[in-house]
Amino acid sequence: MSVLTRDEAQTRAKLLDAHRYTIDLDLTTGDETFDSRTVIRFTARTDADTFVELKPAQLRSATLDGQPLDPQTLDGNRLPLNNLTAGEHELRIDASMRYSRTGEGMHRFTDPTDSETYVYTQLFMDDVQRVFAAFDQPDLKAVFELTVTAPEGWTVLANSTTEHLGEGRWQAAPTPLISTYLVAVAAGPWHSVRTEHRGLPFGLHCRRSLAPHLDTDADELFEITRQCYDRYHEKFEEPYPFDSYDQAFVPEFNAGAMENPGLVTFRDEFVYRSAVTDTERQTRAMVIAHEMAHMWFGDLVTLRWWDDIWLNESFAEYMGYQTLTEATRFTDTWTDFGVARKAWGYDADQRPSTHPVAPENVDDTASALLNFDGISYAKGASALRQLVAWLGEKDFLAGINTHFARHRFANATLADFIDSLASATERDVHAWADTWLRTTGVDTLTPVVTPGDEGTYTLHIEHTGSRPHRIAVGLYDLDVADEGRHLVLRDRLDLDIPHTAPEPVGKRPALLLLNDGDLTYAKIRFDADSFEAVRTSLSGLPDPLTRAVVWNALRDAVRDGQLPPTAYLETARTHLPHETDLAITQGVLAFATAQIADRYLTPEQRPAALTTLTSLCRDLIRRTEDGDNPGLRLIAVRHFIDVAAHPDTIAAWLADGTVPGGPELDPELRWRVLARLAVLGATDEAAIAAELDRDPSATGQEGAARCRAALPDAEAKARAWAAMFGGDDRTDLSNYLFTATARGFWQPEQADLVREYVPRYYQDAVTVAARRGPAIATAVGRRAFPAHAVDTENLRLGEECLDHADPIPSLRRSLADELDDLARVLRVRKA
């Protein structure tokens with residue numbers, strides 16, 4: 001299959017105007033394929049040759065202006081359209097297309113709970129070709145008219161309102177001008193909850209087996225949707241541009257969500273069937289806000305080519321967090337961003353695969369797909385937050401509204417956006433864009449505190465990097481009234497960096513914190529006195545966002561080899577029992593478990609780390625015995641299970657069906673316990689099968705796959721490996737079952753048992769990625785990578801694979817990132 005290059009897209013955009021697609025899909029033709037008939041009306045500006053893309057199971061016929069085209073000329077995914085003449089044309093394609101089990105194209109899923117089947121599209125980047133023929137590039141927008149034939153009893157959802165015509169036929173209203181990758185269909189016996197807001201139909205949809213759980217949360221979901229909708233209409237002069245707003249929670253979805261106009265699709269783990277924390281509800285709300293922002297950033301105004309991904313994702317990320325903070329009960333969203341998202345950006349930006357937020361040259365769609373990462377989301381959103389701090393929100397919003405007015409239902413570039421911003425301010429936003437959006441890497445800010453006259457001090461900030469920053473510097477004193485357990489803000493300085501003249505700070509503060517408030521994107525360091533204050537009094541900082549900045553700095557120091565991993569654990573043991581913010585607690589425990597205990601510490605040090613973490617979680621469980629903080633208790637219970645070195649306590653919980661004092665073990669906790677017992681060799685296939693009988697849902701199937709792969713048994717490992725890497729098109733695991741199996745397979749406790757699979761991994765990964773495509777390749781590279789094997793042999797094998805085995809781009813990128821992380825861990829261990 002050929003990927004579309006930037007040059008080809010530019011050439012075709014100069015040649016063609018796409019006007020209208022009339023698409024007829026028949027979903028009643030069997031379990032493997034569906035029928036797709038497409039009529040494309042377009043104009044050629046001059047005489048030329050071009051092509052249309054499709055990836056059919058069978059191309060039955062094609063005609064151009066009534067004249068037949070030879071189906072045998074289909075070359076991979078390209079059907080040539082030769083000898084086009086200037087003027088109007090009509091292309092007709094009749095094809096059979098394959099359903100997917102990888103979350104790409106038209107994904108088909110049968111719910112094991114009730115045997116009901118659902119299909120939905122994910123057409124991002126170049127997967128529209130798996131569903132219908134298209135001139136598949138974002139700057140050839142068109143009107144789409146969609147008709148679908150579905151089995152009796154199904155409901156069909158699309159970008160616009162749909163009408164049931166009878167006998168399984170559904171008609172969607174014509175869309176406004178949108179890009180091919182944004183077309184969406186979701187069909188099945190959906191459970192739907194509907195309402196209206198300001199005259200616009202709102203809908204929520206999920207599988208029938210999840211209906212009670214969606215009904216429980218429908219009021220909350222609609223409230224968040226209304227609040228974000230109203231706030232965006234206060235910010236944006238351009239009204240919501242589509243005729244309805246449906247949100248469908250779909251099975252086995254690869255991303256968090258997808259911004260299809262009028263029909264946003266979400267992974268259906270967001271329909272909670274087990275207990276969750278309020279931070280997890282906040283995350284769901286942020287995704288709702290993020291995807292709604294895309295209705296303007298991405299759908300109304302769309303990038304011209306994939307080098308401007310940030311114009312979609314960075315803006316939606318920034319607007320999602322900011323709007324949630326302004327319009328909903330979730331007022332501390334930037335703390336969660338600092339803990340959960342910003343670290344993602346920092347990590348990505350320090351790897352060899354880093355790229356600018358707005359890269360100048362993205363040569364083709366395969367390269368573009370690699371850039372949906374922590375840089376395009378978290379770093380880009382951080383850059384925008386810094387831009388607002390520098391520019392002011394009034395001018396920022398004025399520039400955005402100019403951008404919408406200039407490019408509505410069209411396409412735009414970085415240059416177009418910067419010109420729109422420049423029209424609203426006297427500041428040099430072009431220079432800002434060059435330094436922030438065209439560069440790579442993370443700047444580092446280090447305080448230098450110098451004593452002066454009469455006990456006063458001055459501050460100088462050492463700046464490694466090239467970007468200007470506007471930051472706040474927090475000066476904190478120890479509260480002597482409580483023996484120094486708390487830190488009190490004395491002053492907060494607003495500084496621009498580069499900062500040349502030393503800044504007077506008066507008497508020496510106990511803690512001098514750069515980037516207080518987390519308004520910029522940079523690693524920060526501590527001077528020696530400040531680190532001592534952090535070590536003794538971190539939990540006494542009054543603001544959770546301030547504490548998040550400190551925890552991120554400690555995390556960076558571990559990864560950079562400047563703070564021993566054991567010191568991070570000690571700090572967590574000291575201060576996490578007093579932490580009140582759930583996002584911080586979750587983030588610190590996750591890093592301490594999955595990175596420090598499982599990777600940065602040696603196998604000899606790991607038992608002591610697990611003991612420390614077990615003790616810490618036990619303290620949090622005791623602290624929450626009064627029931628005042630169920631979210632914190634749930635986090636503590638989850639991590640207690642994950643770090644259990646001995647099976648007795650968690651096995652007793654499973655047998656009793658509850659943690660003493662609560663919570664009762666819901667399906668998520670039961671599978672979590674069973675997975676840990678499997679790792680420890682304290683359960684067996686019979687127990688896994690019994691649990692699957694108790695919970696035969698899709699999530700239960702994934703839990704069972706993970707548990708079976710985690711059993712410390714040579715035969716179990718062989719079966720799991722064969723399931724991941726030894727299948728064929730008929731027996732291949734779905735994307736979710738592959739990930740579940742991979743999560744169970746590699747375990748630090750089982751290093752000797754799985755040692756023989758480490759060299760096999762690289763050969764089998766390349767083969768299965770080439771056969772199954774980018775989505776599975778990414779899962780192979782990220783989820784199935786032997787991260788537990790922290791040794792030079794694993795690194796050598798991986799580097800040889802990159803040098804000689806020619807993995808497809810998505811696997812190459814994943815492996816390069818994982819190997820860079822592995823090399824970093826080895827450096828830290830050596831230090």
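Modeller: We can start with Pro498, which sits in the loop between β25 (487–497) and β26 (503–507). Keep in mind that this is a predicted model.

Biologist: Which form does the peptide bond from Ile497 to Pro498 take?

Modeller: That bond is cis, and its omega is near 10°. There is also a cis peptide bond between Gly662 and Pro663, with omega about 5°. Pro663 is placed in the loop between α17 (648–656) and α18.

Biologist: Helix α18 has come up. Which residue of helix α18 (residues 667–679) could we look at?

Modeller: Take Arg676, which lies in that helix.

Biologist: Is Arg676 buried or exposed?

Modeller: A residue counts as buried under 20% relative accessible area. Arg676 has 7%, so it is buried.

Biologist: What is Arg676 in contact with, leaving aside its neighbours within four places in sequence?

Modeller: Its contacts of that kind are Leu610, Ile641, Asp642, Val643, Ala644, Ile650 and Glu749.

Biologist: Let us turn to backbone angles. What is the phi of Glu454?

Modeller: Glu454 is not a glycine, yet its phi is positive, at about 55°. Asp518, also not a glycine, has a positive phi of about 60°.

Biologist: Where do Glu454 and Asp518 lie?

Modeller: Glu454 is in the loop between β22 (444–451) and β23 (456–464). Asp518 is in the loop between β27 (511–514) and β28 (523–524).

Biologist: Is Glu454 exposed or buried, and is Asp518 exposed or buried?

Modeller: Glu454 has 83% relative accessibility and so counts as exposed. Asp518 is buried, with a relative accessible area of 5%.

Biologist: How is a pair of aromatic rings described?

Modeller: Such a pair is described by the distance of the centres and the angle of the planes. This structure holds 52 aromatic pairs. One of them is formed by Phe249 and Phe266, with 5.0 Å centre to centre and 25° between the planes, and is stacked.

Biologist: Which parts does the pair of Phe249 and Phe266 tie together?

Modeller: Phe249 belongs to strand β17 (residues 245–250) and Phe266 to strand β19 (residues 263–267), so the pair ties together parts that are 17 residues apart in sequence. Both Phe249 and Phe266 are buried.

Biologist: How is the pair of Tyr318 and Trp334 arranged?

Modeller: That pair is tilted, with 5.8 Å centre to centre and 40° between the planes. Tyr318 is in helix α4 (residues 309–327) and Trp334 in helix α5 (residues 333–349), 16 residues apart, and the pair links these distant parts of the chain. Tyr318 and Trp334 are both buried.

Biologist: Now for the whole chain. How many helices and strands does the protein chain have?

Modeller: The protein chain has 26 helices and 28 strands. Of its 831 residues, 59% count as buried. Among contacts with a separation of 6 or more, 72% are between residues 24 or more positions apart.

Biologist: What does the radius of gyration say about the protein chain?

Modeller: A compact globule with 831 residues would have a value near 28 Å, and the protein chain has 27 Å, which agrees. Along the principal axes, its C-alpha atoms fill a box of roughly 90 × 70 × 55 Å.

Biologist: What about the surface and the charges?

Modeller: The protein chain exposes about 31,000 Å², and carbon and sulfur atoms supply 48% of that area. It has 84 positive and 129 negative side chains, and the centres of the two sets lie 2 Å apart.

Note on methods
Residues numbered from 1 in each chain as written. Predicted model: local features only at pLDDT ≥ 70, side-chain atom pairs only at ≥ 80, totals over all residues. Heavy atoms only, no water. Helix = DSSP H or I, 4+ residues; strand = E, 2+ residues; numbered from the N terminus. Rg over C-alpha atoms; globule rule 2.2 N^0.38 Å. Buried < 20%, exposed > 50% of the residue type's maximum accessible area, 1.4 Å probe, protein only. Contact = heavy atoms within 4.5 Å. Areas by Shrake-Rupley, 256 points an atom, 1.4 Å probe, with all protein chains shown as cover. Lys, Arg positive; Asp, Glu negative; His and termini not counted. Charge placed at Lys NZ, Arg CZ, Asp CG, Glu CD. Phe/Tyr/Trp six-rings, centres within 6.5 Å; stacked < 30°, edge-to-face > 60°.
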